Amino acid sequence: MPQAKRYVEAFTKQFKMPPDAYSGYGYNGIMEVARGVELAKSTESDAVANALRKNREYDHYKGKQWWRACDNKSFQDLWILKVRSPQQVKGEWGLFDVIGKVAANEELDRTCAEKGFA
């Protein structure tokens, strides 16, 4: 995925190691706040949130994501990983194999009505 490759390469160049999940979450969060400020042309929190709800799709580093307005939940693909055995590790950081993907789908979550938001 090109956007993930760019993120991993930039992070690795800066910090001499690949990013972990939490650095990705932080990056994604900061980029989304910045996008909201830019869209809203304001730093006021309600204006930023409303701008993101109106422009719900984004892709900062791991594929298309979107916001559901009723509960402000972000939907994204889920990747299923398998830990490699010590003999299978590739280089210093090749610890996992991707064995599957569950595509983002609001139908896999409780509805807004089920959550009491509709």
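Strands are DSSP runs of at least two residues (E), numbered from the N terminus. By that numbering, Leu95 sits in the loop between β4 and β5. The model described here is predicted.

**Nonpolar surface patch**

- Met1, Trp79, Leu81, Val83, Val89, Leu95, Phe96 and Val98 make up a nonpolar patch on the surface, and their accessible area together is about 740 Å².
- Two strands, β4 (78–83) and β5 (96–102), each contribute at least two residues to the nonpolar patch.
- β4 gives the largest share of the patch, with three residues.

**Loop between β4 and β5**

- Leu95 has a relative accessible area of 36%, so it counts as partly exposed, a class that runs between the 20% limit for buried and the 50% limit for exposed.
- Arg84 also belongs to the loop between β4 and β5.
- Arg84 is classed as buried because its relative accessibility is 13%, and buried means under 20%.
- A polar contact of 2.6 Å joins the side chain of Arg84 to the side chain of Asp97.
- When neighbours within four places in sequence are left aside, Arg84 is in contact with Val89, Lys90, Gly94, Leu95, Phe96 and Asp97.

**Open sheet**

- An open sheet is formed by three strands in the order β1-β2-β3, with antiparallel pairing.
- Its edge strands, β1 (57–58) and β3 (73–75), each pair on one side only.
- Three bridges link β3 with strand β2 (residues 65–68) in the antiparallel sense.
- Opposite Trp67 stands Ser74 in β3.

Methods:
Residues numbered from 1 in each chain as written. Predicted model: local features only at pLDDT ≥ 70, side-chain atom pairs only at ≥ 80, totals over all residues. Heavy atoms only, no water. Patch = residues over 30% accessible without salt bridge, like charges linked within 9 Å, V, L, I, M, F, W, Y side chains within 5 Å. Areas by Shrake-Rupley, 256 points an atom, 1.4 Å probe, with all protein chains shown as cover. Salt bridge = Lys/Arg side-chain N within 4 Å of Asp/Glu carboxyl O. Helix = DSSP H or I, 4+ residues; strand = E, 2+ residues; numbered from the N terminus. Buried < 20%, exposed > 50% of the residue type's maximum accessible area, 1.4 Å probe, protein only. Polar contact = N/O pair within 3.5 Å; in protein donor to acceptor, adjacent residues only side chain to side chain. Contact = heavy atoms within 4.5 Å. Pairing = 2+ DSSP bridges.
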